[in-house]
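This report describes a single protein model. Please consult the sequence and the structure below alongside the text.

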Amino acid sequence: MSQFEKYHPILTPHYTFDWLTKVRVIDVFNLYQTSNATATMETTAAQINHTMREIFHDHQLVWGVTDRETNAFVGQVGFAPIDMAEHEATLSVDLTATYQQVTTLKEILERLVAFGTVELKLHQLTLTLPRQDPLMAQVLRDTSFTTTDQLTFNYHQ
């Protein structure tokens, strides 16, 4: 059994982080289409399968996020890639438009940082934004991330 297989579900007060295979493919497809217009159901299913293989080989730790009250799909978050030997990872946070709000981002980021630093013993987390995002940048700064270019944010323990 891989080390990462046991890390699900992960809970926050309002959200559940679980394997992408636990959420509807159509929801993941709709999320992927917001950043990649060429995404198809077939490529989405293949990407989910690839992600799960990477988790089982301890190269990534990625979850689909759902709202605990409504069971609505919130997005995809995690550590991709993750390097346990170097104690560092790249964070990914991709939320649906409905959940792009300070309270959701803060709750999810705080849980990811705590999980990464306490449970996984990571010392450095990096999150690179695809474009400038003042809302996400502010939440990252509020969560003790630093930046020099407004696109790449670092958290050091």
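## Basis of the model

The structure is a predicted model. Residue numbers run from 1 along each chain as its sequence is written.

## The sheet

Eight strands make up an open sheet of mixed pairing, in the order β1-β2-β3-β4-β5-β6-β8-β7. At its edges stand β1 (10-11) and β7 (146-147), each of which pairs on one side only.

Eight of the 11 residues of β4 are buried, so the strand is largely enclosed by the rest of the structure.

## Two hairpins

Gln76 has Asp94 of β5 as its bridge partner, and Ile82 stands opposite Ala89 of β5. The β4 and β5 hairpin has four residues between its strands, and His87 there takes a positive phi near 60 degrees.

## The nonpolar core

The largest nonpolar core contains 47 residues, of which Leu61, Trp63 and Phe79 touch the most other members. Helix α3 (residues 102-119) supplies the largest share of this core, with six residues.

## Helix α3

Helix α3 has 18 residues and spans 25 Å from its first C-alpha to its last, close to the 26 Å expected at 1.5 Å a residue. Its buried residues include Leu105, Ile108, Leu109, Leu112, Val113 and Phe115. After the helix comes Lys121, with a positive phi near 60 degrees.

Thr117 belongs to α3. Its relative accessibility is 11%, and Thr117 therefore counts as buried, the cut-off being under 20%. A polar atom of the Thr117 side chain lies 2.8 Å from the backbone oxygen of Val113. Beyond its neighbours within four places in sequence, Thr117 is in contact with Leu122, Tyr155 and Gln157.

## Salt bridges

Side chains of opposite charge can pair when their charged atoms come close. The model contains two salt bridges.

One of them lies within α3, where Lys106 and Glu110 are four residues apart, about one turn of the helix. An α-helix has 3.6 residues a turn, so residues three or four places apart point the same way. The closest N and O atoms of Lys106 and Glu110 are 2.6 Å apart. Lys106 is partly exposed, with a relative accessible area of 34%, and Glu110 is likewise partly exposed, at 37%.

The side chains of Arg24 and Asp27 form a salt bridge with an N to O distance of 3.0 Å. Which of these two residues is buried, and which is exposed? Asp27 is buried, because its relative accessible area of 19% falls under the 20% cut-off. Arg24 counts as exposed, because its relative accessibility of 55% is over 50%.

Note on methods: This is a predicted model: local features need pLDDT of at least 70, side-chain atom pairs count only at pLDDT 80 or more; totals for chains, interfaces and linings use all residues. Side-chain values use heavy atoms; hydrogens and water are left out. A nonpolar core is a set of buried Ala, Val, Leu, Ile, Met, Phe, Trp, Tyr and Cys residues joined through side-chain atoms within 4.5 Å. Buried means under 20% relative accessible area, exposed over 50%, partly exposed in between (1.4 Å probe, protein chains only). A polar contact is a pair of N or O atoms within 3.5 Å; within protein, one must be able to donate a hydrogen and the other to accept it, and residues adjacent in sequence count only if both atoms are side-chain atoms. Contact means heavy atoms within 4.5 Å. The expected span of a helix is 1.5 Å times one less than its number of residues. Two strands pair if DSSP finds at least two bridges between them.
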